[in-house]
Amino acid sequence: KNQVEQSPQSLIILEGKNCTLQCNYTVSPFSNLRWYKQDTGRGPVSLTIMTFSENTKSNGRYTATLDADTKQSSLHITASQLSDSASYICVVSLNSGYALNFGKGTSLLVTP
Amino acid sequence: NAGVTQTPKFRILKIGQSMTLQCTQDMNHNYMYWYRQDPGMGLKLIYYSVGAGITDKGEVPNGYNVSRSTTEDFPLRLELAAPSQTSVYFCASSYWNSGYPQETQYFGPGTRLLVL
């Protein structure tokens, strides 16, 4: 059973528009939540890492939010660019080190 | 720094053949990991290592073996390739200690393996 669920599965937006990706998790006890960006044919690259005490964290045009009470997280992308086209993966950690639970990812396509 | 490097980039194996996927990191990270990524699925942990000489099984270890003789290298061995092992394999590394719980995992570019 996948303990990290992401929505939508795929998304197409116009360049310059904003979008929000969702992540719900049932992993417990929770240590931290991460968002990764994975370009086609490449390895994932870390965007943000948040502990349960953090509500929001930004990395440039990427802003992640976390509600540990409802076990929900979102990744907001502002003023999208063509280079934002990628898969965005939500990852929840039980504890630091090896215990990571990966979502299946949201595939984002930004069109001109 | 080159980061995490993996070889080969792509390989076709016949059923029953064996091969080793190579992984090297130059960041002096203590933790290293092997994942597999099947189409439309999340990454699954195969094996991990917390330091040279120490390895342990992840979620899907069957059909694989690892070793960690140095801090830099963490090869993954497939002994008897099966079609179910067709996947993309990612190696990753991170530095972790109890005083730094938000460690970032750095991933290699991946090895695409096709077993026919």
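## Starting at one lysine

With a relative accessibility of 26%, A:K57 counts as partly exposed, because that value falls in between the cut-offs of 20% for buried and 50% for exposed. Keep in mind from the start that this is a predicted model. Which residue does A:K57 pair with in a salt bridge? The partner is A:E54, and the closest N and O atoms of the two are 3.1 Å apart.

## Salt bridges in the structure

Side chains of opposite charge can pair when their charged atoms come close. Over all chains, the structure holds 6 salt bridges. One of them joins A:D84 and A:R61, with 2.8 Å between the closest N and O atoms. This pair links distant parts of the chain, 23 residues apart: A:D84 sits in the loop between β8 (72-77) and β9 (86-93) of chain A, while A:R61 sits in the loop between β6 (56-59) and β7 (62-67) of chain A. Are the two partners buried or exposed, or something in between? A:D84 has a relative accessibility of 1%, so it counts as buried. A:R61, at 23%, is partly exposed.

Another salt bridge brings together the side chains of A:K37 and A:D39, at 3.9 Å from N to O. The aspartate, A:D39, is partly exposed at 31%.

## The build of chain A

How many helices and strands does chain A have? The count is 0 helices and 11 strands. Read from the N terminus on, the elements of chain A are β-β-β-β-β-β-β-β-β-β-β. The radius of gyration of chain A is 13 Å, close to the 13 Å that the globule rule gives for 112 residues, so chain A is as compact as a globular protein of that length.

Of the 112 residues in chain A, 48% are buried. Now take the contacts in chain A with a separation of 6 or more: 54% of these are between residues 24 or more positions apart.

## Where chain A meets chain B

Next, turn to the place where the two chains touch. The size of an interface is often given as the accessible area lost when the parts come together. Between chain A and chain B the buried area is about 1600 Å², and carbon and sulfur atoms give 57% of that area. On the chain A side 22 residues are in contact, and on the chain B side 20 residues.

How many salt bridges does the rule find across the interface of chain A and chain B? The number is 0. As for polar contacts, the count between the two chains is 1 residue pair, with both residues at pLDDT 80 or more. On the side of chain A that touches chain B, the elements that give two or more residues are β4 (32-38), β5 (45-51) and β10 (100-102) of chain A. The residues on that side divide into 8 nonpolar, 9 polar and 5 charged.

Now follow the backbone itself. Most residues other than glycine have a negative phi, and most peptide bonds are trans. Where in chain A does a cis peptide bond occur? The bond joins A:S7 and A:P8, with omega at about -10°. A:P8 lies in the loop between β1 (4-7) and β2 (10-14) of chain A. In chain B, the peptide bond from B:T7 to B:P8 is cis, with omega near -5°. B:P8 is found in the loop between β1 (4-7) and β2 (10-13) of chain B.

Two residues of chain A other than glycine have a positive phi. A:K71 has phi near 60°, and its place is the loop between β7 and β8 of chain A. A:A79 has phi near 50° and sits in the loop between β8 and β9 of chain A. A:K71 is partly exposed, with a relative accessible area of 29%, and A:A79 is partly exposed at 34%.

## A stop in chain B

To finish, visit B:L45, which lies in strand β5 (residues 44-51) of chain B. This leucine, B:L45, has a relative accessible area of 8%, so it is buried. How far apart are the C-alpha atoms of B:L45 and B:D73? They are separated by 17 Å, and the two residues are 28 residues apart along the chain.

Definitions and conventions. Residues are numbered from 1 along each chain as its sequence is written. Chains are lettered from A and ligands numbered from 1 in the order in which they are written. This is a predicted model: local features need pLDDT of at least 70, side-chain atom pairs count only at pLDDT 80 or more; totals for chains, interfaces and linings use all residues. Side-chain values use heavy atoms; hydrogens and water are left out. Contact means heavy atoms within 4.5 Å. Buried area is the accessible area (1.4 Å probe) that two parts lose on being put together, summed over both. A salt bridge is a side-chain nitrogen of Lys or Arg within 4 Å of a carboxyl oxygen of Asp or Glu. A polar contact is a pair of N or O atoms within 3.5 Å; within protein, one must be able to donate a hydrogen and the other to accept it, and residues adjacent in sequence count only if both atoms are side-chain atoms. Helices (H or I, at least four residues) and strands (E, at least two) are DSSP runs, numbered from the N terminus. Ala, Val, Leu, Ile, Met, Phe, Trp, Tyr, Cys and Pro count as nonpolar, Asp, Glu, Lys and Arg as charged, and the others, Gly among them, as polar. Buried means under 20% relative accessible area, exposed over 50%, partly exposed in between (1.4 Å probe, protein chains only). The radius of gyration is taken over C-alpha atoms; the globule rule is 2.2 Å times the number of residues to the power 0.38.
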